[in-house]
Amino acid sequence: MPTPNIVVLGTGMAGFGAAHRLHAEGIVPVMYDKNAYYGGHTASFRYETGFLFDVGPHISFTKDTRIQDLFADSVDQRFETIQIHLNNYWRGYWPLHPVQLHLHGMPEDLIVKVISDFVEARQLPEESPKNYADWLYASFGRTFAESFPMQYTRKYHLTSAENMSTDWLGPRIYRPSLEEVLRGAISASAPHVHYITHFRYPSDGGFMCYLKKFMPMGNIKLNHQLVSIDPRARELKFANGLVTSYDSLVSSVPLPDLIRMIQGAPSDVVDASRRLSCSTCVLVNIGVNREDISSAHMTYFYDEDICFTRLGFPHLLSAKNAPPGTGSIQAEVYFSDKYKPLTGKAEDWIEPVIRDLRKCGLLREEDQVLSRKAMLLPYANIIFDLERTQALKTVHAYLDDLGIAYCGRYGDWGYMWTDESFKSGELAAERALSGAVVSK
Ligand SMILES: Cc1cc2nc3c(=O)[nH]c(=O)nc-3n(C[C@H](O)[C@H](O)[C@H](O)COP(=O)(O)OP(=O)(O)OC[C@H]3O[C@@H](n4cnc5c(N)ncnc54)[C@H](O)[C@@H]3O)c2cc1C
């Protein structure tokens, strides 16, 4: 039986998940990517200044031992296992994460209101929440909900909690008991509770090294931006002029872009794809002449007058991520075409980020900034607004009819981590294998 010509669009975790599954069937798919580098959101870049940055803070906290083993094998067992340390910044205070369990040291009036509202909320009859705001009020009470997660929602998801569903939550937000809240308010040493306790990170070369062993499993074609799909002729066109055919297609291309490229896509499907919202992220990558900038691996920011939503400190993930004696900071500043469009260039955010790093005291006057660059991620986090579920159903049903196997964070259009994107690619490869029509 001739081998089916299965084409994979994208060389991120999902694309390589697909290649890995096809490899088990003896198939080496052609993998196209618009970028000049492979890895998508899991790429890593080392600047001439010696600082290494991933495309957004990336750590591996998968509990799936098969994926743990695959990633470990990819880096020849050379990875760090690190106990996670997360904190928050709120109006000059630095509580540990999650804040609701670490209120100790916060303003007394706030603590009293948080606890009394929490007790009141827990006495109300349980009702199924209509949206994320309902869920927050019921879980934490009004004062905490409005001061912390609702503030963060506006900075991270760029819309209000009232306009969001709850189907993305999973274990992401911890619901504490009264005893835990009280303990955290009374004592500075309340236990750390988070859905991640430890994580792994490659010892050298950045997160991208987790893809190393999968590279030979695909015939990778970089600088190939797909511009059009003819689903009846099973033909792909690229911006560089290449036209090629396929028996089966696996795609990790973001759904709004994919639908726009499909010839003859019905208008209701195109409209639905336009209703899918995603955030855009400007990453500002800073190198500093000092390593004791932070003890936390990541810090969450709630205040509106601080432009970034989250900070990561790559030099704490691996000593090889920064020159000896230096430290690094990666700031995430969020936008969304629908809710808060980015105007201007990513580079315009370098100075505001440095200004706000000084404002919150992480950068001192005497610190030297050794490296400063910005990166733009047009697609960052899926926004679970109230339009998502219905619009996604329409788009996925159409792709299912065409037999296009979508996968990954931007194909499944979910809140997926690297392990989940990889496995989604594997599953898409299986669908492609079962639907492949072998050309003569
Ligand atoms: C800021 C941020 C932080 C994150 N942190 C973590 C973390 O700590 N741990 C974790 O496990 N996960 C994390 N994630 C999630 C993780 O990045 C994703 O789950 C995963 O990388 C998605 O892989 P993917 O292959 O689905 O998508 P992508 O990596 O985006 O791959 C899609 C590929 O398709 C290519 N493509 C797009 N359009 C075209 C076209 N027209 N023609 C050709 N090629 C095209 C792109 O260039 C890209 O390479 C984070 C994500 C973000 C945004």
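**Group meeting: a chain, its domains and its ligand shell**

I will start at the ligand. The shell around it takes at least three residues from each of two domains: domain 1, made of 6-36 + 222-267 + 386-435, and domain 2, made of 46-97 + 194-204 + 279-381. Please keep in mind that this is a predicted model.

Which residues come nearest the ligand? Of the 37 residues around the ligand, they are Gly10, Gly12, Gly40, Gly56 and Gly408. Helix H1 (13-23), helix H12 (409-413) and helix H13 (418-435) are the elements that each give two or more residues to this shell. H1 has the largest share, with 3 residues. By class, the shell holds 18 polar, 14 nonpolar and 5 charged residues.

Now the domains. Besides domain 1 and domain 2, the chain has a domain 3, which covers 105-186. The centres of domain 1 and domain 3 are 38 Å apart, taken over C-alpha atoms. Where they touch, 4 residues of domain 1 are in contact with 4 residues of domain 3. On the domain 1 side, that is 2 nonpolar, 1 polar and 1 charged.

Last, the whole chain. There are 13 helices and 18 strands. The C-alpha trace spans about 75 × 55 × 45 Å along its principal axes. Of the 440 residues, 44% count as buried. Among contacts with a separation of 6 or more, 74% are between residues 24 or more positions apart.

Key. Residues are numbered from 1 along each chain as its sequence is written. This is a predicted model: local features need pLDDT of at least 70, side-chain atom pairs count only at pLDDT 80 or more; totals for chains, interfaces and linings use all residues. Helices (H or I, at least four residues) and strands (E, at least two) are DSSP runs, numbered from the N terminus. A residue is buried if 20 or more other C-beta atoms lie within 10 Å of its own, exposed if 12 or fewer, and partly exposed in between; C-beta atoms are placed from the backbone. Two residues are in contact if their C-beta atoms, placed from the backbone, lie within 7 Å. Domain bounds come from an automatic or database domain assignment. Ala, Val, Leu, Ile, Met, Phe, Trp, Tyr, Cys and Pro count as nonpolar, Asp, Glu, Lys and Arg as charged, and the others, Gly among them, as polar. A residue is near a molecule or strand if its C-beta atom, placed from the backbone, lies within 6 Å of it.
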